[in-house]
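Let's walk through this model together, starting with its confidence and then moving on to contacts, domains and a few individual residues.

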Amino acid sequence: MTSAGSGVSRRKRGLSLQQRTSMWGTAFMAIPMLFFLLVRIYPALVAFNVSLHNWNIMSRSRPFIGFANYATMMADPEFWNAARNTLVYSVIIVPASLALGLLTAYLIQSVNRARGTYRMVYFLPYITPTVAVSWVWRWLFFKNGGAINQILIALGMRPQPFLESVHQALFCVASVVVWQGLGYYMVVFLAGLEMIPSELKEAATIDGANRWQVFRTITLPLLNPTIVFLAVLGTIRSLQIFTEIMNMTSGGSGQGDLGGPLGSTMSLVVYIYRVAFYQFKFGYASAMTVALFFVILLITLVQMRILNKPVEY
Amino acid sequence: MGESGPVRGRFARIWPHVVLVAGILTVVFPFLWMFATSFKQGADIYSIGLIPKQPTLRNFAHLLENTMYPRWFLNSLIIAAIVTASELFFDSMAGYALAKLPFPGRNVVFILILSTLMIPTEMLIIPWFLMFTKTGWIDTYWGVMLPGLISAFGVFLMRQFLQGIPDDLLNAGRIDGLNEFGVWWHVALPNIRPALGALAILVFLGNWNAYLWPVIAIESAKMRTLPVGMSLFSGEAGSEWQLIMAAATLAVIPVMVVYAMFQRQIVEGVALTGMKG
């Protein structure tokens with residue numbers, strides 16, 4: 001910028017291509033970066049901070065209490081009940097979804113006709129609003145007059161209490177999660193199956209391997225990345241199970257009778273929701289969300305080690 | 001064995017269909033029963049028949065007259081549409097910068113955004129609730145939408161696809177006199193249309209069906225989204241299953257219509273993002 005005459009063009013040219021690129025890059029990132037700082041990272045830090053306070057929305061003073069909320073958590077039988085239930089959900093949902101999803105995808109890939117139709121129908125529940133799905137199944141499972149009990153009676157069997165039973169309710173909820181998620185597992189497995197070169201299977205068949213042997217020695221090992229991906233995603237999703245429980249097993253009183261008969265379907269997130277928004281103990285609820293965060297972080301890190309790519313949840 | 005070749009061959013071809021059709025019945029029956037119940041009345045509600053004996057539209061009329069169902073529908077539509085537009089715009093913008101515009105600190109920014117993927121929504125909900133209570137955004141569209149306006153997953157997905165565009169193509173645009181905004185908008189984005197479509201579908205469906213944050217961020221009846229409205233209405237309806245199923249039917253039909261139109265794109269979009277993401 002020595003002379004005024006060529007100032008404008010000089011200034012424009014004065015920025016190197018590299019400088020201009022980096023200027024545009026910074027401009028493009030400005031709003032997104034501000035967003036991630038204010039709406040994701042800062043609130044995450046707030047959650048840690050709140051968890052260290054006796055933060056009741058009803059009272060004005062919010063004394064710092066260190067890790068007392070975490071100590072409360074470790075000694076809270078309701079927390080452990082919810083944590084155990086959540087673990088049971090994962091242990092049922094993930095293997096069942098993997099097995100049924102793979103079976104469905106395998107069968108669809110093996111048929112020549114109506115593939116598209118099968119895929120379309122099996123995928124339908126996945127895109128249906130979970131709230132609607134939950135209420136439809138609540139009606140199907142209804143003790144007096146629900147479709148499933150009517151079918152059981154017609155088959156000469158005894159009607160079951162299902163969602164009203166301490167022993168059955170959790171399994172009913174888990175089966176609905178599997179029912180709704182099956183289409184997703186199927187679609188991802190189909191994509192995985194299509195990536196397996198058919199020459200490999202043909203070669204094995206020529207060598208005299210039967211279907212089961214081909215499946216076990218070729219298909220399954222080559223599907224391993226897909227299986228790991230789905231197992232991790234499924235585990236993280238089942239740790240966050242909420243909507244189905246809220247809509248299938250909450251009582252109608254509006255007084256926080258969530259989580260089914262005697263808390264038998266209560267998951268961690270439903271319990272957190274109740275502690276925060278019915279008992280107004282934000283500090284304690286935050287402590288539990290932080291614990292959930294660390295569990296999910298651990299699983300994510302393990303899967304990133306294995307697959308080296310991020311997962312959405 | 002006594003089985004002849006052709007019979008065995010036919011059996012091998014048919015049994016997958018048998019299993020798959022059995023599965024389809026399990027998938028479809030709940031929907032059929034939902035439809036059937038929503039048109040039933042009286043004692044017929046508690047019969048297993050899939051065809052109502054005296055079909056009625058009373059249940060739907062009840063919803064339209066006594067609840068704010070049309071308003072909830074509109075709320076869901078507005079929220080899902082705006083969030084989708086915002087995500088397409090900002091996710092692809094950030095993804096473009098991360099893929100094609102080297103700037104100082106780019107790797108740090110990328111890792112920072114990626115790391116937010118590990119923060120579960122559950123952990124952010126209490127802080128959001130506290131922040132939005134202070135700013136007065138609880139029970140507003142803005143409050144429901146804000147947390148979803150940009151997503152780390154979307155940014156990552158867009159970056160993946162934008163990286164695949166050859167630099168020569170972008171440079172051609174630059175030589176033609178486009179500034180970087182123009183290159184992004186006119187050259188880069190048209191090249192990743194399928195990915196944008198997949199992202200749009202995922203974001204729209206996700207927001208249309210969202211429950212956890214809306215149920216907390218919404219307080220008044222008129223601000224409810226469809227899932228929140230349906231959930232609270234059903235909780236209050238007790239055992240009036242015909243009304244609850246009518247509500248469910250009204251929530252499911254729009255999704256089915258959209259699905260019927262974009263079935264292939266939706267399924268393939270999920271497969272695409274599910275695996276490549």
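## Confidence

What is the mean pLDDT of chain A, and what percentage of its residues reach 70 or more? This is a predicted model, and for chain A the mean is 89, with 92% of residues at 70 or more.

Where pLDDT is low, the predicted coordinates should not be read in detail.

## Where chain A meets chain B

The two chains share an interface in which 75 residues of chain A are in contact with 78 residues of chain B. On the chain A side, helix 2 (residues 17-51) gives the most, with 20 residues. Sorted by class, that side of chain A has 54 nonpolar, 18 polar and three charged residues.

Chain A is divided into domain 1 (7-51) and domain 2 (69-307). Taken over C-alpha atoms, the centres of these two domains of chain A are separated by 39 Å. Contact between them involves four residues of domain 1 of chain A and seven residues of domain 2 of chain A. On the domain 1 side of chain A, the touching residues are three nonpolar and one polar, with no charged residue.

Chain B is assigned domain 1 (5-46) and domain 2 (58-276). Here the C-alpha centres of domain 1 of chain B and domain 2 of chain B lie 33 Å apart. Seven residues of domain 1 of chain B are in contact with eight residues of domain 2 of chain B. By class, the domain 1 side of chain B has three nonpolar, three polar and one charged residues.

## A helix pair in chain B

Two packed helices are described by the angle between their axes and the distance between the axes. In chain B, the axes of helix 3 (residues 69-100) and helix 10 (residues 193-209) come within 9 Å and cross at roughly 145°. The crossing of helix 3 of chain B and helix 10 of chain B is right-handed.

The residues of the contact between helix 3 of chain B and helix 10 of chain B divide into ten nonpolar, four polar and two charged.

## A buried tryptophan

A:Trp137 sits in helix 6 (residues 130-140) of chain A. Is A:Trp137 buried or exposed? A:Trp137 is buried, because 26 other C-beta atoms lie within 10 Å and the cut-off for burial is 20 or more.

Leaving aside residues up to four places away in sequence, A:Trp137 touches A:Val176, A:Met248 and B:Pro30.

## Positive phi in two loops

A:Ala114 is not a glycine, yet has a positive phi of about 65°. A:Ala114 lies in the loop between helix 4 (77-110) and helix 5 (115-127) of chain A, and is partly exposed, with 15 other C-beta atoms within 10 Å.

A:Phe280 also has a positive phi, near 60°. The place of A:Phe280 is the loop between helix 13 (268-277) and helix 14 (282-307) of chain A. A:Phe280 is partly exposed, with 14 other C-beta atoms within 10 Å.

Terms used:
Residues numbered from 1 in each chain as written. Chains lettered and ligands numbered in written order. Predicted model: local features only at pLDDT ≥ 70, side-chain atom pairs only at ≥ 80, totals over all residues. Helix = DSSP H or I, 4+ residues; strand = E, 2+ residues; numbered from the N terminus. Nonpolar A, V, L, I, M, F, W, Y, C, P; charged D, E, K, R; others polar. Domains from an automatic or database assignment. Buried ≥ 20, exposed ≤ 12 C-beta atoms within 10 Å, placed from the backbone. pLDDT = per-residue confidence, 0-100. Axes fitted to C-alpha atoms, helices over the stretch in contact; angles between N-to-C directions. Left-handed = near helix turned anticlockwise from the far one by under 90°.
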